Amino acid sequence: MKKLSLKTLGSALTLSLLFSSTQAQQVETFPLSSVRLLPGPFQQAQQTDLAYILKLNPERLLAPYRREAGLSSAVKSYGNWENTGLDGHIGGHYLTALAQMVAATGDKDATRRLNYMVSVLDSCQRKNGDGYVGGIPGGKVIWAEIKNGKIDAGTFSLNHKWVPLYNIHKTFAGLRDAYLIAGNQQAKGMLIALTDWMLNLTASLSDEQIQQLLISEHGGLNEVFADVAAITGDKKYLKLARRFSDQSTLQPLLNQKDQLNGLHANMQIPKVIGYLRVAQQDQDAAWANAADFFWQTVVHHRTVSIGGNSVREHFHPATNFTSMVNSVEGPETCNSYNMLKLTEDLYRRQPSSAYVDYYERTLYNHILSSQNPEKGGFVYFTPMRPQHYRVYSQPQEGFWCCVGSGMENHGKYGQLIYAHDASSLYVNLFIPSVLTWKEKGLTLTQQTRFPEEEQSRLSFKVTKPTRLALHLRQPLWAKGFR
Ligand SMILES: [Zn+2]
């Protein structure tokens with residue numbers, strides 16, 4: 001970044017300019033609704049994703065939920081992972097993707113679609129009658145077994161079903177995001193009812209039995225339960241979040257030990273996001289440090305240039321990347337999606353530019369490239385194998401995990417461009433965008449064609465006299481920043 005120009009319009013704006021690397025104080029990111037992308041590759045990816053999302057048939061995504069609630073559906077569910085055991089997982093991701101699009105673009109069709117999805121899921125939850133809502137085939141049978149203490153868990157199975165806890169985590173997260181990101185009040189009540197169902201289901205299980213459940217892939221259930229504790233202020237959900245925190249991954253991290261070799265990578269990252277969310281709710285420095293240790297380990301010892309990690313979904317030895325370079329199954333997009341979520345949380349806790357350096361690298365070199373730029377569709381593995389190729393999912397056909405996280409990825413580019421505390425504004429990323437900071441009466445327009453040009457223009461407009469410290473991130477790659 002060679003040149004920076006600042007321009008102020010309207011009332012007086014007093015700026016203290018700071019080039020930031022590390023700050024000790026906590027910051028907040030702006031809601032997605034405060035940031036609008038301007039033309040450029042990120043806005044283009046957002047618009048491609050919006051079109052992809054709206055072309056999906058909500059009835060087909062809802063079919064598994066209706067079926068499990070005993071309600072009829074006019075159409076069949078989608079195929080691929082949506083009718084072979086992971087039925088309904090995309091429906092959860094879809095709520096999150098829509099909520100983000102509603103906030104990031106204000107699109108009316110996305111708003112209508114989100115409200116419709118939530119209302120049908122609400123009717124499924126009411127029909128189930130006990131707070132449960134989910135698309136897992138025959139889910140009610142295994143939930144009853146688990147309630148009675150019958151637990152048969154493998155890494156990718158639970159009571160002979162394909163990762164039902166992973167699946168239902170998407171429903172939890174979707175309802176949370178419909179409420180927190182898009183303000184859908186109906187989703188809030190449904191989220192709490194679903195969490196109460198899980199509380200009731202596991203009330204008579206011992207901590208050891210819950211740890212047994214957690215052998216099976218379970219996304220970030222501890223994360224969503226900690227969020228429900230934050231939403232309600234009720235500590236019983238925080239207790240549930242702690243009970244759903246896998247000790248086998250947590251204990252080495254608490255002791256600053258990297259024991260990740262051979263583990264399924266994307267099973268671990270969401271758990272760690274959960275440890276950090278619990279730590280934030282409970283002021284638990286040890287758990288927060290464990291999450292940061294995990295981040296440092298993965299980013300500095302297990303990550304390649306594009307920001308991705310792992311081979312064939314698993315962590316290879318930190319000292320030997322040969323298998324990743326040889327394999328056709330290189331870094332998985334879900335892993336980078338989750339690493340970015342973890343990075344956002346760590347950055348809010350301590351706004352060091354080191355977090356954003358990783359975030360930027362992964363955003364440009366992995367996430368942005370994981371979308372088919374013409375018709376949407378997403379990459380599962382990005383091979384590091386020389387001269388290899390990548391495979392995009394076919395819209396309406398492919399419904400892998402990375403399709404679910406993929407449709408979320410391109411709606412949240414506004415998430416970390418800016419941050420703030422009471423008297424400071426942080427400019428983290430050089431992505432063309434308009435920030436509206438309502439409380440300050442401030443509008444910031446950032447214009448840049450970076451990385452096609454080595455400059456960015458920041459224009460400020462304020463409605464009242466304002467004093468502000470402006471922190472501009474000095475990227476690791478930028479020498480001679482001025
Ligand atoms: Zn994936």
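Is Glu82 buried or exposed? Glu82 is buried, with a relative accessible area of 0%; here buried means under 20% relative accessible area, exposed over 50% and partly exposed in between, with a 1.4 Å probe and protein chains only.

This is a predicted model, in which local features need pLDDT of at least 70 and side-chain atom pairs count only at pLDDT 80 or more, while totals for chains, interfaces and linings use all residues. Residues are numbered from 1 along each chain as its sequence is written, and side-chain values use heavy atoms, with hydrogens and water left out.

**Stop one: Glu82**

Select Glu82 in the loop between helix H2 (58-69) and H3. Helices (H or I, at least four residues) and strands (E, at least two) are DSSP runs, numbered from the N terminus. Not counting residues up to four places away in sequence, Glu82 touches Leu61, Pro64, Ser77, Asp87, Gly88, His89, Ile90 and Phe399; contact means heavy atoms within 4.5 Å.

**Stop two: the zinc ion**

Next, select the zinc ion. Its protein donors are Glu332 (OE), Cys334 (SG), Cys401 (SG) and Cys402 (SG), at 2.1 to 2.3 Å. Donors are N, O and S atoms within 2.8 Å of the metal (3.2 Å for Na, K and Ca); water is not among the atoms, so sites may look incomplete. The angles among the 4 donor atoms run from 96 to 122°, and the site is tetrahedral, a term that requires all angles among four donors to lie between 85 and 135 degrees. Along the chain, the donors follow the spacing E-x1-C-x66-C-C. Glu332 is buried at 2% relative accessibility, and Cys334 is buried at 3%.

Move to Thr96 in helix H3 (residues 89-105). Thr96 is buried, at 2% relative accessibility. Leaving out residues up to four places away in sequence, Thr96 touches Ala173, Gly174, Asp177 and Glu408. Then select Glu344 in helix H15 (residues 333-349), which is buried at 5% relative accessibility. With the same exclusion of residues up to four places away, Glu344 touches Tyr359, Lys412, Gln415 and Leu416.

**Stop four: aromatic rings**

A search of the whole structure finds 20 aromatic pairs. Rings of Phe, Tyr and Trp (its six-membered ring) pair if their centres lie within 6.5 Å; planes under 30 degrees apart count as stacked, over 60 as edge-to-face and the rest as tilted. Select Phe42 and Tyr413: their ring centres are 4.8 Å apart and their planes are at 70°, so the pair is edge-to-face. This pair links distant parts of the chain, 371 residues apart, with Phe42 in helix H1 (residues 41-55) and Tyr413 in the loop between helix H17 (401-409) and strand S8 (418-420). Phe42 is buried at 4% relative accessible area, and Tyr413 is buried at 2%.

**Stop five: the nonpolar core**

Finish at the largest nonpolar core, which has 140 residues. Such a core is a set of buried Ala, Val, Leu, Ile, Met, Phe, Trp, Tyr and Cys residues joined through side-chain atoms within 4.5 Å. Trp143, Met198, Phe294 and Met407 have the most contacts inside it. Helix H13 (residues 285-301) gives the most to this core, with 9 residues. Leaving aside neighbours within four places in sequence, Phe294 is in contact with residues including Leu253, Ile269, Phe315 and Leu342.

Methods
Four donors count as tetrahedral if all angles lie between 85 and 135 degrees; four count as square planar and six as octahedral if opposite donors are over 155 degrees apart and all others between 65 and 115; anything else is irregular.
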